[in-house]
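Here are a few notes to read alongside the model. Keep the picture open while you go through them.

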Amino acid sequence: LPKYELRNRFVNNRIYKLHKRIPQYSKFVMRAETKVHRTSLMHFGMGTLAYVGSNVSDEFIEIPVDSAYIDEKDRCNQANLLMVPDRLTASPYRYMREIGNPTTEGFGIDERYAESSRGLWHVKCPHCGKWFVPDFWTHVVRETATNVFTPRDTKADPDPMVADEIALIHDCGGAVDRLQWGEWVHEFPNRQWKGYRVSKVFSKFTTLREMYRVWTKAVGNDLKTQLFYNSDLGLPFSSKGSKITRSLLDSCRRPYE
């Protein structure tokens with residue numbers, strides 16, 4: 001995890017509760033060879049669970065592991081993360097999972113996703129029979145004027161503050177159940193790393209109305225826009241003014257390399 005503080009909150013709020021609430025987990029805790037059960041190290045059945053902060057390099061070279069999980073990768077110390085694969089070299093399993101909200105293009109989890117199989121969630125339109133990737137810009141809202149967005153669902157109230165839900169509208173014009181069964185389709189299925197991009201557009205924990213409301217408040221604000229892209233859409237975001245572009249370089253009067 002990124003830091004000690006987050007590690008402690010994560011273990012106390014999530015792990016300890018699971019060990020107490022789930023009978024099988026409680027048995028693993030009781031059957032451990034020793035009763036070590038701290039926020040940093042736990043004996044669990046015949047194995048060991050270690051929770052470390054990425055800001056301390058010593059913890060990355062302490063023990064070999066069979067399975068490594070990196071949470072909120074973009075918030076971690078990237079230099080120390082480079083040592084994680086070495087901890088797996090002696091294992092016959094070598095499981096590694098990296099999870100997190102992307103921040104900027106080509107960095108952290110977005111860089112890893114670009115190297116992966118690039119899985120995207122597809123659902124089937126019941127009207128035209130086509131499979132497609134539910135997308136906020138293509139199937140939820142449309143830009144009717146500069147920085148003015150309205151629902152593609154013509155039956156939905158354009159006022160973002162009302163309570164009624166917005167329907168997901170496919171290219172054919174038909175409404176689609178965004179929570180229906182679908183399947184992951186990988187652009188590069190033969191790659192070693194399996195990557196999945198998750199969006200709240202197909203999450204049961206939020207509504208499209210809530211996403212629409214958040215987006216209308218974010219328009220014109222780079223910070224809110226980045227949070228919407230990262231947290232709601234699972235996409236990286238780079239402000240137009242935050243990086244050197246080809247057009248900017250081409251406008252230079254002197255030669256450059």
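1. How do the residues lining the second largest pocket divide into nonpolar, polar and charged? There are eight nonpolar, ten polar and ten charged. Here Ala, Val, Leu, Ile, Met, Phe, Trp, Tyr, Cys and Pro count as nonpolar, Asp, Glu, Lys and Arg as charged, and the others, Gly among them, as polar.

2. Before going on: this is a predicted model, where local features need pLDDT of at least 70 and side-chain atom pairs count only at pLDDT 80 or more, while totals for chains, interfaces and linings use all residues. Residues are numbered from 1 along each chain as its sequence is written, and side-chain values use heavy atoms, with hydrogens and water left out.

3. Back to that second pocket: 28 residues line it, and Glu-98, Ile-99, Ile-109, Gly-195 and Tyr-196 lie nearest its centre. Strand 4 (95–99), helix 5 (109–114) and helix 8 (222–232) each give two or more residues to this lining. (A pocket is an open set of points on a 1 Å grid over the protein atoms alone, where a 1.4 Å probe fits, with protein on both sides within 12 Å along at least five of seven lines; lining residues have an atom within 4 Å of a point. Helices, H or I of at least four residues, and strands, E of at least two, are DSSP runs numbered from the N terminus.)

4. Now try the largest pocket. Its lining has 19 nonpolar, five polar and six charged residues. Ala-50, Val-65, Ser-67, Ala-68 and Tyr-69 are the ones nearest the centre, out of 30 lining residues. Strand 3 gives the largest share, five residues.

5. Zooming out, the protein has nine helices and eleven strands. Its C-alpha trace spans about 65 × 60 × 35 Å along the principal axes.
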